[in-house]
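Have a look at the structure first, then read on.

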Amino acid sequence: MVDMTRNDNSPHAVEVRGLVKHYGETKALDGVDLDVREGTVLGVLGPNGAGKTTLVRCLSTLIVPDSGTARVAGYDVVRQPRQLRRTIGLTGQYASVDEKLSGWENLYMIGRLLDLSRKDARKRADEMLERFSLTEAAKKAVMNYSGGMRRRLDLAASLIGNPAVLYLDEPTTGLDPRTRNEVWDEVQRLVAEGATVLLTTQYMEEAEQLASELTVIDRGKVIANGKVDELKARVGGRTLRIRPADPADLPGMARALAETGLDGVAGSQAVPDEGTLLVPILADEQLTAVVGLLAARGYAISDIGTYLPSLDEVFLAITGQKPAAEDSVPTEQTEEVAA
Ligand SMILES: Nc1ncnc2c1ncn2[C@@H]1O[C@H](COP(=O)(O)OP(=O)(O)OP(=O)(O)O)[C@@H](O)[C@H]1O
Ligand SMILES: [Mg+2]
């Protein structure tokens with residue numbers, strides 16, 4: 001876990017104000033404001049199509065916003081793209097390395113593109129391969145790498161130039177848990193060394209592991225932001241899921257809880273499709289109170305359980321509606337090739 005108190009007063013490495021980017025009718029970014037303090041990780045959460053990649057592309061100068069401003073390390077994305085590019089690293093959602101080249105050749109080429117001497121580019125490529133446990137696969141063509149190896153190479157590639165600010169666009173989507181942990185360790189190490197990271201993710205767990213602050217976006221708009229703990233408190237630490245014996249009782253049960261006036265509990269929601277009632281629980285006492293109240297009203301319960309909020313529940317709580325499920329998460333091949 002990254003120390004959340006350390007950098008409260010550090011200046012902003014990334015400052016975004018009123019950023020707008022439309023694609024025809026689609027408002028990919030619809031007036032986004034956000035800040036990332038130097039030496040911290042900001043997690044940008046959002047469902048498919050929320051605008052995360054569009055945001056990262058604007059901040060990397062790959063696309064030009066329609067309006068609004070964004071500064072990275074003091075450089076304006078529109079007016080100072082060249083200076084800005086020198087201070088950032090980007091690990092995109094989609095692999096950006098050359099499939100036909102080996103891991104080493106990819107890193108060497110990037111070093112040369114960044115104006116390193118041949119000697120320095122060689123040294124840096126070796127260092128980065130070592131750091132990401134890719135030394136043994138250094139000479140293999142990237143097309144023969146597993147998904148996890150590619151992602152590690154991507155991360156290595158984005159670090160060749162020693163960037164002060166790093167963008168990670170869904171860095172672990174489709175990775176197996178072990179490789180995901182390796183990527184997380186590496187990101188934590190970078191931040192400990194002073195890097196600033198803007199991380200987009202659909203995984204609440206990833207955000208919790210890495211980010212000190214979160215910005216939640218949906219349909220191009222910021223719908224919530226704050227420290228991880230603040231957001232969780234706002235969403236409610238846990239949700240109680242109650243399944244009535246008779247699904248027809250759902251509306252009555254929801255009404256009964258709404259009338260209690262108990263903090264959080266009043267925000268309970270019936271999910272008729274699943275035949276369950278979801279009740280935000282802010283304190284342990286509320287569990288007893290909710291179950292007691294329903295029993296006192298004569299409702300029969302067939303199943304009950306609590307669980308921590310997933311990103312979907314965060315959305316449910318913040319927006320009052322479930323995020324639109326679009327494309328499913330792509331899966332990648334994850335087994336390692338024998339070196
Ligand atoms: N080049 C483009 N042309 C047209 N529409 C686009 C383009 N790029 C993005 N969009 C649209 O803008 C919206 C935001 O897309 P974006 O890729 O930024 O979302 P995202 O949050 O990164 O989603 P995902 O989690 O699936 O990666 C979507 O509705 C998408 O279809
Ligand atoms: Mg994306």
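Lys52, Thr53, Thr54, Leu55, Val56, Cys58 and Leu59 are the buried residues of helix H1. That's seven of the eight residues in H1, so the helix is largely enclosed by the rest of the structure. Keep in mind that this is a predicted model.

Now to the ligand. H1 (52-59) and strand E2 (26-37) each bring at least two residues to the shell around ligand 1. H1 gives the largest share of that shell, with three residues. There are 14 residues around ligand 1, and the ones that come nearest are Gly49, Lys52, Thr53, Thr54 and Glu170. Two of these names, Lys52 and Thr53, also turn up among the buried residues of H1, as does Thr54.

What's the class make-up of the shell around ligand 1? Eight of its residues are polar, four are nonpolar and two are charged.

| Residue | Atom on the protein side | Distance |
|---|---|---|
| Threonine 54 | polar side-chain atom | 2.5 Å |
| Alanine 50 | backbone N or O atom | 3.1 Å |
| Glutamine 202 | side-chain N or O atom | 3.3 Å |

Technical notes
Residues are numbered from 1 along each chain as its sequence is written. Chains are lettered from A and ligands numbered from 1 in the order in which they are written. This is a predicted model: local features need pLDDT of at least 70, side-chain atom pairs count only at pLDDT 80 or more; totals for chains, interfaces and linings use all residues. Side-chain values use heavy atoms; hydrogens and water are left out. A residue is near a molecule or strand if one of its heavy atoms lies within 4 Å of it. A polar contact is a pair of N or O atoms within 3.5 Å; within protein, one must be able to donate a hydrogen and the other to accept it, and residues adjacent in sequence count only if both atoms are side-chain atoms. Helices (H or I, at least four residues) and strands (E, at least two) are DSSP runs, numbered from the N terminus. Ala, Val, Leu, Ile, Met, Phe, Trp, Tyr, Cys and Pro count as nonpolar, Asp, Glu, Lys and Arg as charged, and the others, Gly among them, as polar. Buried means under 20% relative accessible area, exposed over 50%, partly exposed in between (1.4 Å probe, protein chains only).
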